[in-house]
Amino acid sequence: MKQRILFVCLGNICRSPAAEAMMQMLVDRAGLSGDIYLDSAGTYGGHAGDRSDVRMRRAAAARGIEMTHRARQVREEDFERFDRIIAMDDNNYEALFRLAPNRDAQNKIFRFREYLRRHRDWSYIPDPYYEGHEGFELVLDLLEDGCATLLEELRQEVGQER
Ligand code: 4NP
């Protein structure tokens, strides 16, 4: 069965769309685009419809990652549509927990930090919105680390069903 993953941050214009785009590149390269569906959303809806932050798009493009997502707010139906909902920080996690309609939905919520291997000293993906260029580079470094782990987990899940 197709694995459906939703990345969630606050505004859905920096961290989570970058995670989605980076993961999509890894999934495409692994030949798993038919097995894994990716999306992203924000707990705050104020940027709904907007393209990703230009600073995030430029930093991602420099690493060969194209970001085409339009922001949207997370909604209750997402707990039915997705298998894993991955929060960038604890505030996002708590907001998702409050939105989750039942225990099954709560069990789908993860923290991105669980996938970090080389950066285990980071307990969350820091919001780069009010930061300089280094903030966006740090986000991409952390996302590269966690997305590699997530890809390995998904590869096993998808592979076991074949
Ligand atoms: P994101 O960054 O959650 O990584 O998309 C932010 C984007 C916008 C705002 C905050 C964080 N904002 O307050 O508008």
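I looked up His-47 first: it is buried, with a relative accessible area of 19%. Buried here means under 20% relative accessible area and exposed over 50%, with partly exposed in between (1.4 Å probe, protein chains only). The model is predicted; local features need pLDDT of at least 70, side-chain atom pairs count only at pLDDT 80 or more, and totals for chains, interfaces and linings use all residues. Residues are numbered from 1 along each chain as its sequence is written, and side-chain values use heavy atoms, without hydrogens and water.

I placed His-47 in the loop between β2 (36-42) and α2 (54-61). Helices (H or I, at least four residues) and strands (E, at least two) are DSSP runs, numbered from the N terminus. Leaving aside neighbours within four places in sequence, I found His-47 in contact with Gly-11, Ile-13, Ala-71 and Tyr-129. Contact means heavy atoms within 4.5 Å.

Next, the ligand. His-47 is among the residues that surround it, as are Cys-9, Arg-15 and Tyr-129; the cut-off is a heavy atom within 4 Å. I noted a ligand oxygen 2.9 Å from a polar backbone atom of Leu-10. Another entry: a side-chain N or O atom of Asp-127 lies 3.3 Å from a ligand oxygen. Taken alone the ligand exposes 350 Å², and the protein buries 91% of that (Shrake-Rupley, 1.4 Å probe).

Last, I checked α4 (residues 90-99), where Asn-92, Tyr-93 and Leu-96 are buried. They sit on the same side of α4, because they cover an arc of only 100° around the axis, taken from the directions from the helix axis to the C-beta atoms. Asn-91 and Arg-98, on the other side, are exposed.

Terms used:
Polar contact = N/O pair within 3.5 Å; in protein donor to acceptor, adjacent residues only side chain to side chain.
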